[in-house]
Amino acid sequence: MSVKRVRWVAVFVAGLSWACNRGDGAGDAPSVALVLKTLNSPFFIELEAGARQAADSLGIELVVQAPDREIDVERQMQIIENLLQTGIDVLTLTPSGSREIVSAIAEANQAGVPVVIVDTRADAQALAEAEATIATFIGSDNVDGGRIAGRFVAEALGGQGRVAVVEGIPGHETGDSRLRGFREVIAEHPGISIVASQTANWERDQAFNVTQNMLQSHSDLQAIFAANDMMALGAVEAIAAAGRTGDVLVVGFDALDEARQAIREGRMAATIAQHPRDMGRLAIESAWSILQGDTVPAEQPVGIELVTE
Amino acid sequence: MRREFGTLAGLLVLCVVLWFATPHFLTTANLLNVVEQSTLIGIIAVGMTFVILTAGIDLSVGSIVALSGVAMGTAFRAGLPVFAAALTGLAVGLACGLANGALITLGRLPPFIATLGMMSIARGGALMLSDGRPISGYPATFREMATGDVMGVPAPVLLMLAIYGVAHFVLTRTTLGRYTYAIGGNEEAAELSGIGVRAYKSAVYGIAGLLSAVTALLLVARLDSAQPIAGIMYELDAIAAVVIGGTSLLGGSGSVIGTLIGALIMGVLRNGLNLLGVSSYLQQVAIGGVIIVAVLMDMTLRRRARLPTE
């Protein structure tokens, strides 16, 4: 009877390996891996789209993989280890944990695979301690993005008011940088106080709850800054549920289509645009340059701007 | 023992298929990789096997991983020597497990409810203790636990194999093992025949908590960071490994050998899907499919053998 189970597993796996379009050993096309934090958020799906487009036009074979959950840095390390086994030529990576990911970067170094870091920085000190190196960093200056959001809020409130913050996962470099920039600007305005700051772990439904609670305890809240648009949209919905749309202005980050739509409809005030498609494209172009033996700049900033309409 | 052969055959077929499908699978480096990647879930699944053998369930193991890790990190940051800090982490894991046991045996709560509560308490505790932030920076001597090797075999693999060896011995050769099966087979009969069901059941949950803490230490050593958000959904991977390994959710039948094979099947599958470059979305579908197919086959097997089915 165990034969039957064996047969089932065999049929299943054979079907699976047939179903997937594998290309190992298929030719001389250079192979580049793009390992993302997740593939269930629009930002990273956009980033992937940009990378794919560039890979197609350069004739690069691109493998894209991501953990099921954005926070799962251990799983992301496993994916990198597995992909290194397949003889990839360059690793492009958006780290799920700035510090934790460093040992995986060191493993890539040992395998002689150059590492291109995208969107979220790897911790510089941890890199130095592990004697690990990266070829280039491509991303927006999130601190600057946070400052832009801070200036917008300060101006909209006329330098007076009470503000709340919805944070991303604590310890994530991107979120921490955005908040640092935001708080820096708000601190320059003594009339504005941050009355609440809580994490919603990057998630929309958690942001809905967090905002609901904030509105309960701070009825005079005038503005909310959320460290990404998914959370900003959750905040927008909570404000609408409380019947206070228009009273509390919401600023997000990422300029997702849905956020732009909310801004056009007046439910949300502003968002900060990053350009994930450009990041994906630049990552692959940098990988290509590295493979050609060209040097790439250590830092490649991608533009960041305020969107209010 | 016959039952594990079916699971083992499944693992071997999976390996053979991957061997044909990709030239990168059957290399020493990759196989060591797979086993090393299976260690975290593998170790938790040992405790889960004990629990499920008593017809219980433990949903709190993933959160206990986070709390034990953060407890260790906090102790280390407070100035304790790293090995004392590690012991603190182990003690916290054991305490959580024993608390589960007490709630289930003394409080008479269903294991599902007691450990669901603990899942939330331990996760919240980890976030409170760490203020939501990872605690990083441990000495190299401690990190050896995850990064070191003995004659090319990674240290975590040796640790996992040792734990499986001990667990197999306990289940097959000791009173605790015999009573674990007896409680799962028929708790009332076990009680009537004079077995101290409460004490043994509590011990089983204690073991699950302690092994979660061992996993926590490995994870901290590997990431050089104790994360309050670590271990989310580990409970489900561990339950999957146990169930794929042929242990009955009804209790009373199964083995850790089966669980080891189950954990390796999950590890090989994930590894193979990465090597093949299968889309991340399809991977989740595939893993779910394998769990269902494995249990479906197991149930058919049992029905034909006139054994109780899940």
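I started with the division of chain A: domain 1 covers 28-139 + 277-301, and domain 2 covers 142-273. These bounds come from an automatic or database domain assignment. This is a predicted model, where local features need pLDDT of at least 70, side-chain atom pairs count only at pLDDT 80 or more, and totals for chains, interfaces and linings use all residues. Residues are numbered from 1 along each chain as its sequence is written, and chains are lettered from A in the order in which they are written.

I looked up the domain spacing next. The centres of domain 1 and domain 2 of chain A, taken over C-alpha atoms, are 30 Å apart. Nine residues of domain 1 and seven residues of domain 2 of chain A make the contact (C-beta atoms, placed from the backbone, within 7 Å).

Then I turned to a sheet. Its four strands run in the order S7-S6-S8-S9 (chain A), open and parallel. I took strands as DSSP runs of E, at least two residues, and helices as runs of H or I, at least four, numbered from the N terminus. Strands pair if DSSP finds at least two bridges between them.

Which strands stand at the edges? They are S7 (192-199) and S9 (249-251) of chain A; each has a single partner strand, so one side of each lacks a neighbour in the sheet.

I checked one pair. S6 (residues 161-167) of chain A joins S7(A) in the parallel sense over seven bridges. A:Val165 has A:Ser197 in S7(A) as its bridge partner.

Last, I noted a helix. H9 (residues 229-241) of chain A packs on the sheet and touches S6, S8 (223-226) and S9 of chain A.

Conventions: Two residues are in contact if their C-beta atoms, placed from the backbone, lie within 7 Å. Axes are lines fitted to C-alpha atoms, for helices over the stretch in contact, and angles run from 0 to 180 degrees between N-to-C directions.
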